[in-house]
Amino acid sequence: MSLELKNVEKKVGLDTHIYRTNLKLQKNTINILLGSTLAGKTTLMQIMAGLDKPTSGEIWFNNENVTGMKVQKRNVSMVYQQFINYPNFTVYDNIASPLKITGVSSDETKQRVGKVAELLKLSGMLNKKPNELSGGQQQRTALARALVKDSDLILLDEPLANLDFKLREELREELPKLFENRDCIVVYATTEPSEALLLGGNTATLQEGKIIQYGKTLDTYNKPNSLVSAQVFSDPPMNIAKIKKLGDMCSFLQNDIQWKTKLNIKDGEYKVGIRPHNITTYKEGNNTLEIKGKVLISEISGSESLIHFTNGNLNWVSLSNGVFQKNVGDEMNLYMNTDEFVYFDQNERLVSNG
Amino acid sequence: MNKTVNQKAWFFVIPVFVLVAFNAIIPLMTVVNYAFQETFGNNVFMWEGTRWFKQIMLSERFHASLGRQFLFTFIILFIQIPLGIAIALTMPKEGVGVPVCLVLMSMPLLIPWNVVGAMWNIFALPDIGFLGHSLNALGFDYNFTQQIGDAWFTTILMDVWHWTSLVVLLSYAGLRSIQPAYYQAAEIDGASRWAIFTKIELPKMKKVLTIAILLRFMDSFMIYTEPFVLTGGGPGNATAFLSIDLVKMALGQFDLGPAAAMSLIYFFIVLLVCWVFYTLMMRNEEKS
């Protein structure tokens, strides 16, 4: 089983929503479409589902051209950011609705709905109506509807975006389990890098209607092919600085901090990307680099502390474990883990990891 | 900081009190006054207790006009609500068609009641009116000034023409507020057009439809100007709805006591029906 987009392109009027895209998704995989709002995630999903037709290009499913085939014939299910359920059906009837239409026997329906409801912790509320449920439960119902019918393709369009923090965390942890041992392709759109990392599988980074990079989630994260891909896959945003390489020494253009590099590239100017969690208030790793900073903002998020600081004329973001408060204007030393630096050339393509 | 005490703000509120008193409370109390007393002019009143209420409740004339009123309201709701929804469903969802349709739909709503009555009166006249003449030319024996059925037909047609737009506009607003994802989800499920209508659109329109039905019920139950201008309540008393009958009694016969009692009963019927209807429609909503 596989889903393949061949030279797919989508234009609306003069606007290009999806630039020429080739993508092959394999069976039994979770594929994450990672990108900011308006990156084209939803459009791409609708094209995959058959809810929308590409302007040009083809969609192949199991070596069959399904371009333009109606969504009803495609055995697809989809979960949306909004909690979409039939408003005056009970939870049971909502979950059973895809089965009823395809004419599954009532005994089997009962059994399958029961099983999915248990998986999603909805067993106690099968007789309630959606508007009597919390947002989290409404979205669980929508997920159950998508899972009950054994689709070949399950599309989830930012399913957790409208939930509040607690419920989002809770459901997020259950998600990988839901898709285990399913004979299907899962496509999951999200704006949050942490969701992609949690779900694993493969990730495609998207920006402005283009797929920048597609590969195993960890590979995409560790070896971004370009600055854009690295930025899409980094939250808080990656620190970018211009550097100069001379021999085996590198230095920032804007200050005189130097470090040794194993990079086997010719001398010249490059850009370095440093993820915030690789700049910490404590030394981490074998090759650390000290940098002086003046605190701009300091904020605490969960058990981590974010410190925005300036060095030279650049603003930096650092993310350290532990909770501590810094005052605005404080001078402090921070440590950068040079092993984790990502180098890009002048065209913002990946050079190599240091 | 000390709070300053300043009662001058009341001066801003007083005009509202005065206005409401003059346009609502005082007239209403006058009616209440008349409903319990007999008067022979010169501001001389005699206490009558509930006599006028008993008289009205037992009067066949009141029963007949109340019956006509319910029948009329029921018929126009039965036509306007489904028709309004149907038109709203066929209206364009985007493009230049939207403002064009909305403006066209709003037109009847902007015409004053008495003009509507006069328009339809002339339109339906059997000898010179376009509708009346055409119907007769087609072989129908149509004369709304003389035949009861024709009078009802014309009154209902006029009201449908005048007020269906309101239901259309409310339904259209309700439909437009349904997120496209609902339609996509239904499409993925392979739901039929009818299923989409009954399982998604209708439940999602429930609130605006409740308002549409309430507004149309109240308006049609209190209808006066249009039938007054069109048929004058005739032929005979055939289209004398409650308010027409009320005005006849109050200003035609000058039976102020019974007319005042009838006004209050009329008012309570409208209030009661609206309350019952609203409670029924919203019963499920409040549970959640």
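Two residues count as being in contact if their C-beta atoms, placed from the backbone, lie within 7 Å. This is a predicted model, so local features need pLDDT of at least 70 and side-chain atom pairs count only at pLDDT 80 or more, while totals for chains, interfaces and linings use all residues. Residues are numbered from 1 along each chain as its sequence is written, and chains are lettered from A and ligands numbered from 1 in the order in which they are written.

Leaving aside neighbours within four places in sequence, B:Gly257 is in contact with B:Tyr34, B:Ala35, B:Gln37, B:Glu38, B:Glu48 and B:Trp52. B:Gly257 belongs to helix H12 (residues 256-287) of chain B; helices (H or I, at least four residues) and strands (E, at least two) are DSSP runs, numbered from the N terminus. The C-alpha atoms of B:Gly257 and B:Val31 are 8.6 Å apart, although 226 residues separate the two along the chain. B:Gly257 counts as buried because 23 other C-beta atoms lie within 10 Å; the cut-off for buried is 20 or more such atoms, 12 or fewer makes a residue exposed, and anything in between is partly exposed. As for confidence, chain B has a mean pLDDT (the predictor's confidence in each residue, from 0 to 100) of 89, and 98% of its residues reach 70 or more. The model itself scores ipTM 0.77 and pTM 0.77.

Next comes the meeting of the two chains. Chain A puts 17 residues into the contact and chain B puts in 16. On the side of chain A that touches chain B, strand S6 (76-79) and helix H2 (91-102) of chain A each supply at least two residues. That side of chain A has 10 nonpolar, 6 polar and 1 charged residues, where Ala, Val, Leu, Ile, Met, Phe, Trp, Tyr, Cys and Pro count as nonpolar, Asp, Glu, Lys and Arg as charged, and the others, Gly among them, as polar.

Chain A is split into domain 1 (2-224) and domain 2 (239-353), with bounds from an automatic or database domain assignment. Their C-alpha centres lie 37 Å apart. A nonpolar core is a set of buried Ala, Val, Leu, Ile, Met, Phe, Trp, Tyr and Cys residues joined through C-beta atoms within 7 Å. The largest one has 85 residues, and A:Met48, A:Met78, A:Ile95, A:Ala144, A:Leu155 and A:Val187 touch the most other members. Helix H4 (residues 135-148) of chain A gives this core its largest share, 6 residues. Both domains of chain A contribute residues, so this core lies between them. Not counting residues up to four places away in sequence, A:Ala144 touches A:Ile95, A:Val116, A:Ala117, A:Leu120 and A:Leu122. A second, separate core of 20 residues includes B:Tyr34, B:Trp52, B:Ile56 and B:Ala261.

In chain A, strand S1 (residues 2-12) runs antiparallel to strand S2 (residues 15-26), joined by 8 bridges, and A:Leu3 stands opposite A:Leu25 in S2(A). S1(A) and S2(A) form a hairpin with 2 residues between them, and A:Gly13 in the turn has a positive phi of about 60 degrees. S1(A) is also joined by 5 bridges to the antiparallel strand S4 (residues 56-61) of chain A, where A:Phe61 is the bridge partner of A:Leu3.

Notes. Pairing = 2+ DSSP bridges.
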